[in-house]
Amino acid sequence: MVSTVQNTDVKQKDVGQAVVVAVSFAAVFEAEPGDARSGYRLGVALPLLQVLQKVNERLLEENPAEHQLFDIILITTDSWQQQQSFSIINSTRRHGLEVSRFCFSKEEDFIESLMQNNVQLFLTTDGNEALQATQQGVPSALLDKNLASCPSEQLRVLFCEDAIIQPHAGSTAASKKSAQQSFLAQLGQIRQKFGMFNSPVCFTLVTSRGGKDSCCSTLKSLRALGVSVDEAYCLGGAPRGPFLSLLRPHLLLSDGFTQLDG
Amino acid sequence: MVKMSLDPMQVMSGQVKELKRSPSSNGDTRGSWEEKEEFDPNQLDLTVKPKTVTGRRARKVEGAMFFPKPENAVTVAVSSRVLFRTEREQKVFEQKGVEEYLRYQIEHENEPFAPGPAFAFVKALETVNSRLRELYPQSEELFDIVLVTYNHAHVGIRLINTINHHNLFIERFCMTGGSSPIGYLKAWHTNLYLSADAEKVREALGEGIAAATMFMLEKMTEVSESQLRVAFDGDAVLFSDESERIFKTHGLDKFFEHEKENEDRLLDHGPLKGFLEALGKLQKKFYAKGQRLDCPIRTYLVTARSAASSGIRALKTLRAWGLEIDEALFLAGAPKGPMLEKIRPHIYFDDQMFHVEGAAEMGTIAAHVPYGIAQKYNSQHKMSTGK
């Protein structure tokens with residue numbers, strides 16, 4: 001059973017053209033210790049949500065009639081949290097988050113709620129959820145405290161070398177591939193709306209394994225999807241940790257989900 | 001002489017200043033070395049043949065590719081504008097702006113760039129690597145060349161194509177798209193950074209990384225293909241600028257007096273001491289295998305100090321540091337150009353533009369180390385920046 005509540009404070013996006021990003025409730029809010037009435041603390045997803053909102057603002061500055069915006073929805077499968085739906089919606093409003101819809105479902109139905117809402121990217125702090133979503137063909141990313149945690153004017157998206165799924169046998173894989181690719185293509189289109197300088201979106205490619213030639217072919221594959229990266233790092237086996245702490249991405253995209261090292 | 005032209009990347013990074021991330025302290029939690037990437041000696045082809053400069057090196061299968069850990073290798077970071085020549089593209093940038101510049105690069109993606117001032121040096125590093133691999137097939141103590149450019153990744157494919165065209169063994173790079181490369185230099189444990197941008201070089205020196213600015217040369221004399229030759233100025237390069245300060249403020253007599261008085265006091269170290277040290281470590285690996293006479297690395301000190309007097313302090317300091325230098329040339333103030341022309345180093349480091357320009361006039365590949373008191377007295381730059 002899936003139920004959706006619209007946030008009347010926020011203008012609903014054009015679902016056909018928006019890039020729907022679903023965030024798990026637990027990634028956005030952490031329960032305050034002890035008393036549930038005191039509301040929720042903000043979780044690791046906050047900087048990302050704030051910067052997605054900034055990108056929307058910039059997109060609308062460029063074109064007030066823009067429909068290809070990020071559409072953020074909150075998903076929760078925790079029945080206890082659902083009882084607190086009023087408090088959740090209030091907390092969202094209080095923190096000024098531009099969440100357009102709240103989706104409540106049972107754990108076994110959460111994939112259905114992703115599908116129903118046309119979700120193109122699912123963000124969670126729960127590895128199992130990310131795995132399930134990915135297996136069902138919804139591109140997912142795992143959020144953790146190692147990602148950018150400061151307010152930022154620029155959305156930094158990091159692609160890893162396996163961000164583009166190579167074809168395997170099986171129809172699930174094929175639909176998974178096309179969902180991933182269409183999401184990447186949308187990101188690419190959003191990037192194109194800004195110039196080289198002063199862009200609120202920055203794409204970075206990091207290849208850890210393989211050498212320059214595999215990095216080169218990933219650059220070409222991304223370009224074929226319409227994604228032009230701004231920065232590229234070919235690590236040739238060097239540990240990723242020091243580079244990731246310099247890059248401070250908001251979002252790390254790879255095949256399935258990846259835990260950041262160190 | 002060609003006037004120094006505006007550095008396009010400086011302009012770029014100036015404009016993206018607000019988006020530059022200040023590098024957070026890195027290296028605190030290094031990701032664990034991915035076990036499955038550790039090379040398996042059974043898979044690796046250990047019978048590496050000596051690489052000839054003209055022959056095409058057989059490419060190893062990627063799975064068996066051998067990547068040294070950055071802290072074990074002697075890492076040399078080069079920018080794209082000193083490794084290759086990109087003057088035409090720079091003109092496009094200056095005259096038509098960045099969007100057109102990037103479009104031009106993509107359009108010409110399959111046209112490789114020509115070699116730049118650091119090219120011969122990089123090739124020589126690879127020659128040393130081949131010899132090291134013969135003697136120590138499993139060692140990670142090699143030169144590791146990393147391309148560190150704040151060029152935009154749009155230029156990436158053209159750069160990679162160019163690397164392949166020239167058969168360079170560069171498998172690691174950072175294209176920072178306008179952000180400062182300094183943090184990445186540290187992440188790579190960089191031993192030497194070569195760039196066309198004096199600002200970035202100064203910044204690197206400030207962070208304790210050996211660095212030098214290179215310039216486009218109108219003529220380059222031929223250099224050895226079998227032996228890497230690196231030449232260093234003494235004061236403010238290998239040694240600190242303390243003596244040079246005396247000379248600049250109080251003149252030559254005072255300088256001699258000071259050096260005589262302090263003959264037994266070691267000079268403090270300069271920005272390139274560490275790099276000489278790294279070269280020395282690799283040289284010892286050849287000596288250990290009985291190849292002292294045939295060592296593919298040779299180092300030179302080319303100093304205005306004089307052998308009979310002020311030079312003594314320099315030699316004593318080197319000896320106390322445990323550093324050997326193969327040839328020490330004390331010119332007692334004579335011009336360095338003719339001596340360098342005889343040596344034909346793949347790179348010569350000097351802190352004074354006057355000497356760098358003089359060397360370049362005779363076709364020597366010279367790099368400027370913008371360190372110390374001499375920077376206040378530098379002559380007008382007459383060189384064009386490398387692109």
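**Entry 1: helices H3 and H4 of chain B**

I looked up how H3(B) and H4(B) run relative to each other in this predicted model. Their axes cross at roughly 150°; angles over 145 degrees count as roughly antiparallel, and the two helices are therefore roughly antiparallel to each other. H3 covers residues 87–96 of chain B and H4 covers residues 98–107, and the axes come within 7 Å. I noted the crossing of H3(B) and H4(B) as right-handed.

I then listed the residues that make the contact. From H3(B) they are B:Arg88, B:Glu89, B:Val92, B:Phe93 and B:Lys96. From H4(B) they are B:Val98, B:Glu100, B:Tyr101, B:Tyr104 and B:Gln105. I sorted the residues of this contact into 5 nonpolar, 1 polar and 4 charged.

For A:Cys160 I looked up the nearest cysteine sulfur, which belongs to A:Cys215 and is 12 Å away. A disulfide needs the two sulfur atoms within 2.5 Å, so A:Cys160 is in no disulfide.

**Entry 2: chain B as a whole**

I counted 14 helices and 12 strands in chain B. The chain has 387 residues, of which 57% count as buried. Last, I took the contacts in chain B between residues at least 6 apart in sequence, and 79% of them join residues at least 24 apart.

Terms used
Residues are numbered from 1 along each chain as its sequence is written. Chains are lettered from A and ligands numbered from 1 in the order in which they are written. This is a predicted model: local features need pLDDT of at least 70, side-chain atom pairs count only at pLDDT 80 or more; totals for chains, interfaces and linings use all residues. Side-chain values use heavy atoms; hydrogens and water are left out. Axes are lines fitted to C-alpha atoms, for helices over the stretch in contact, and angles run from 0 to 180 degrees between N-to-C directions. Helices (H or I, at least four residues) and strands (E, at least two) are DSSP runs, numbered from the N terminus. Angles under 35 degrees count as roughly parallel, over 145 as roughly antiparallel, 65 to 115 as roughly perpendicular and the rest as oblique. A crossing is left-handed if the near helix is turned anticlockwise from the far one by less than a right angle, and right-handed if clockwise. Contact means heavy atoms within 4.5 Å. Ala, Val, Leu, Ile, Met, Phe, Trp, Tyr, Cys and Pro count as nonpolar, Asp, Glu, Lys and Arg as charged, and the others, Gly among them, as polar. Buried means under 20% relative accessible area, exposed over 50%, partly exposed in between (1.4 Å probe, protein chains only).
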